[in-house]
Structures are given as C-alpha cells and as structure tokens.
Amino acid sequence: MIFTVKTIHKMKRRKLLACLLFIAMLNLQAFAQQQAKNPVIFADVPDLSMIRVGDTYYMSSTTMHMSPGLPIMKSKDLVNWQMVGYAYDTLANVDALNLVDGKSAYGKGTWASSLRYHDGVFYVSTFAQTTGKTTIFSTKNIEKGNWKRIDFRPSLHDHSLFFDQGKAYMIYGSGKIKLVELKADLSGINTDVPERILIEDAGLPSGNAGGLPAEGSQLFKVNGKYYLFNITWPRGGMRTVVIHRSDHLSGPYEGKVALQDKGVAQGGMIDTPDGNWFAYLFRDNGAVGRIPYLVPIKWENDWPILGIDGKVPESLHLPKSKGMIPAIAASDEFTREKGERDLPLVWQWNHNPDVQYWSVHQRKGYLRLTTGRIDTSFLTARNTLTQRTIGPFSSATTALDLSKMKNGDFAGLGVLQKNYGQIGVKIENGNKSIVFVNATGGNAKLSSAIPIQQNKIFFRVDCDFAERKDLATFFYSLDGKDWKSIGDPVKMSYTIPHFMGYRFALFNYAEKESGGYVDFDYFHLSEKPSIQGKE
C-alpha cells in the first residue's frame, strides 16, 4: 500500500496508525507462514548424526533390524530432507536378521551411527548387538553410495567417530565415557595406545542418580575447543542434553546441562554457511517414534547455549517444510521404468528379505509377494515390506489381487510394532474371508471373518498421532469407493522390544502350505484423512 502526502493529510492519524498496524500484522503473519516448525520431521528418524559439506547437509539415522539399513538423507536447508541411500543392504547373514529358527533382531540390528567427512571421504560408523561388531563404511560419493566396509570387535556403544591431528578416534560408552585410538587404516582399535577414560560419570551435571546414564556421545571441535554432547535421563526427570567442554581431546572436561525441555535430547550441533548454529535432537513422541527437532544455538563465553530462554521453539528462522511425501515416505504404483530401482528408497523390509519370493517384474505394475515357508505370526513372517508412518496423521491404502492365494494364506495391510494391527484376507478350506487382527497389549485377537467371493479387495488404515492419540483405524472396501471400518481401533504404543515407530506394512504369509502369492496393485499414502480408494 502506498500513501501519498496528499492522502496522509486527508486521513486522520488514528486511521493511519490502524492501517499501518494492520499491514504489519499481515507481514508478520506471512513471515510466520514461511518459517519452519518443530518437529522438523514428524516421523521416526532417531539417533541423528549430521554434517555439512559446502551448502549441503547430510544426515544418518537408525533403522535397526530393517533392510536395507543405516539410511542417509540430504538437505539444502536443514528442514526439507530426502532419502539418498543406505550404507548397507544386509548387515549380516545370520538367523536373527533372517527371521529363521525362531530368532529375530527386533530392537537390535544397528544402533546410533556417526557421520563424518574427512579429507574428501565420507564415513559413517555404527555398532550392532546382533553381530557384536563395530562397522565403518566409507565412500567418496555419499549420494551414489558404493560404500566400502570394515568390521571389527568389540561393538563400541553409541560411539562418535572423530578425526583430529592426523589420527582417528572413537569416543563411546554409557555413563563412563571412553576414548580409543583407531589403527591408521581404521580396521580396529590401536592396542598400542591405552584406552582413556575421558569422563568418569558424564551424567553428573544433570544430577543423574539412578536414571539413564549419559550416552549418545557426539564430539565436535569448534575454534580449537572440544565439545561433547550426551543425553542423560535423571530419575524422575526428563531426557536432558549435557555438554562437556575441553581445550584438549584427552581432557580434562567440564560439563553442564545444556537443555532440559520437552524431553528433546540426544544429537549434536551443525552450522550453516552464513554462520548460524543449530542443535539437532529428537523427542520420544509415542507410537510414531522418535522425531527430529532443531534448536537454535547462540555462543556465550565459548559455550553453545541451546534454545530460546532455555526452551525449544515452535518456529525456526528456516524455510518452511514442503512435507515428507514423497521425500521420506511415498506412494508407489509398483510400475518400474528401465533403470529404476526395484524398490524406491522409502521402502525397507522387516529384517532381511528372501529375494526369490518377491518381485515387481513378474507382473507389470504390481508387487508380488510369494510365500516361501510356513509362518504363524505377523512378527515372524518374512518379506514384509514397510514404510514409516508419519504424523500428525497418515493414511495408507492398497489393493490386492487374491486369485493365486493358497489354503491357509493370510495377506493384507498392517501397522507393524510389537502391538500391531492387521487387516487382510484369509483362505480357509478354499473360502476367502476378510479378517482383522488387533494385538493391542501384546495379545493378538482375531475379529470374526467377513466372507467374500471376489478376487480383488481394497484395504486402508488411518493413523492418528495428533496429541499422542496413537490410534490406527482399519477399513475395507469391495470396490475402492465405499469404505467400511472393521474392529476396534488399534491403540498403538511404542515398545522397547521393537524400539521403532510404527510402520505401514504389506504382508503375505502361509500358515499351511507355501507357494501361493498375492499381487499388490498400488500403495497410496496421504497426510489427509480424506483418501478414498484409488485416486
């Protein structure tokens, strides 16, 4: 709006001030709408490790027992992230990761990783209870992958890979934080150099007595000083960020509480090309999982000061999120062009898949899941294909061709965690029925069967994570248009035995004889509760 001198003289001063105030409010509102909001990712992306190379940020995270594993994402603005790859396809070929002989790797697999860039090479290291080893992956092109791999014992808990003055180290531990030097080729611990205790009890600054010992170490060097981030959880308190500082890698270190708000903790810090700093952390947020937050940092007396007056802000002076679909989770028509991946990066298998029993090529435009053995539970079935659920609301829809199922087969759509939910078709004595399984509380309960005659069926599940409702509601349709709910909503709950947010899951397993298969026509994902069949 332009005010000429003539106009100003004609207007009363009060009206002019009101008009200017109104314009200012509009500008502020427009500015607020352009800002990023916390959490920056409303999905399970825990144990963040982050680097910046030029104007591009890269991040690794944890997906434990999933295959492929150790996801790598990139961003230009710290808010909008997209998948670029995984460090490995298969962690190890062992019974627990293959879901055989009654074994599983739920809650295990690979845990917190450490992402680094040093002398033109990208490194990401991790550790696994399943193998008892520490693993270092390296590549010169993080987006193309081709990771080289080194494994060694022991498994160094929550370690931070660190390069300093021509040598490589790992800082690790729980409560007692230790430092080891690595061999020059990173193939193991240099046993010629004694292990050193950096901090006897890293949780002391938080008054940690009997709670979670300090862990999740991430070490940084800024202006010649060393800063060690840890998470601790004092008994009766909340997840807390503790930072220790030293002038020397080997110490001594002084520590203090850096953030204690909303349970947002565990991570590290990152700078922007224009000199701003942020802490990247995550929050336990119920069934959707552990979700990332960014917290602004200012520097005072060589200490990073986290938050706004010690609090995690709702808004950030960063670009607005464009949403997580399709960068982190996505719909899929299962149609592949020449040269495309068989499965986009948003997909992960529950444990290692058996590659001979799935295909997106045997029938064009469909995902085929074939049964290769006998299973009796959603949690023990192999070749279950998953994606993250996303909050505050997400809905998944699929359609199945049932014509080649065998007696005892069970196929459909689920939400995967220890307390899972499933909707699917079961074949009993040649008869097809829609059934619903609710494993709330850990006990799977089967709803009464709904007989059907047709060979195509549509399923949908709506997941409501707003204000931690954590409810999954299941639907079926005979035509993809008229939807009917089935059973009671599943009360989703984050459990430590699985240690992962809920996953949308496509499944097919045999309870009596193997060799049957189903074809999934599509997987449609929405953040709105209005999805109706195949758009």
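Modeller: Let us start with the open sheet of 7 strands, in the order β25-β26-β38-β28-β34-β35-β36, with antiparallel pairing. Strands here are DSSP runs of E with at least two residues, numbered from the N terminus (helices are runs of H or I with at least four). This is a predicted model, in which local features need pLDDT of at least 70 and side-chain atom pairs count only at pLDDT 80 or more, while totals for chains, interfaces and linings use all residues. Residues are numbered from 1 along each chain as its sequence is written, and side-chain values use heavy atoms, leaving out hydrogens and water.

Biologist: What makes β25 and β36 the edge strands?

Modeller: β25 (358–359) and β36 (483–491) each pair on one side only.

Biologist: How do you know that β28 and β38 pair?

Modeller: Two strands pair if DSSP finds at least two bridges between them. β28 and β38 (residues 517–526) are joined by 7 bridges and run antiparallel, so they meet that rule. Within this pairing, T398 stands opposite F523 in β38. Strands of a sheet pair through backbone hydrogen bonds, either parallel or antiparallel.

Biologist: Why is T389 called buried?

Modeller: Buried means under 20% relative accessible area, exposed means over 50%, and partly exposed is in between (1.4 Å probe, protein chains only). T389 has 0% relative accessibility, so it counts as buried. This residue lies in the loop between β27 (385–388) and β28 (393–401). Contact means heavy atoms within 4.5 Å, and T389 touches A43, V288, S394, C463, F465, Y502, R503 and F504, not counting residues up to four places away in sequence.

Biologist: What does the side chain of T389 reach at 2.8 Å?

Modeller: The side chain of T389 reaches the backbone oxygen of Y502.

Biologist: Why is V257 called partly exposed?

Modeller: V257 has 34% relative accessibility, so it falls in the partly exposed class. You will find V257 in strand β18 (residues 254–259). Leaving aside neighbours within four places in sequence, V257 is in contact with P205, S206, T240 and V241. V257 and G203 are 54 residues apart in sequence, with 9.1 Å between their C-alpha atoms.

Biologist: How many salt bridges does the rule give?

Modeller: The count comes to 24 salt bridges. Among them is K176 with E200, at 3.3 Å, N to O. K176 has 32% relative accessibility, so it counts as partly exposed, whereas E200, at 52%, counts as exposed.

Biologist: Why are R336 and D332 called buried?

Modeller: R336 is at 14% relative accessibility, so it counts as buried, and D332, at 5%, is buried too. Their side chains meet in a salt bridge at 2.8 Å, N to O. Elsewhere, salt bridges that share partners join R363, R368, D401 and D519 into one network.

Definitions and conventions
A salt bridge is a side-chain nitrogen of Lys or Arg within 4 Å of a carboxyl oxygen of Asp or Glu. A polar contact is a pair of N or O atoms within 3.5 Å; within protein, one must be able to donate a hydrogen and the other to accept it, and residues adjacent in sequence count only if both atoms are side-chain atoms.
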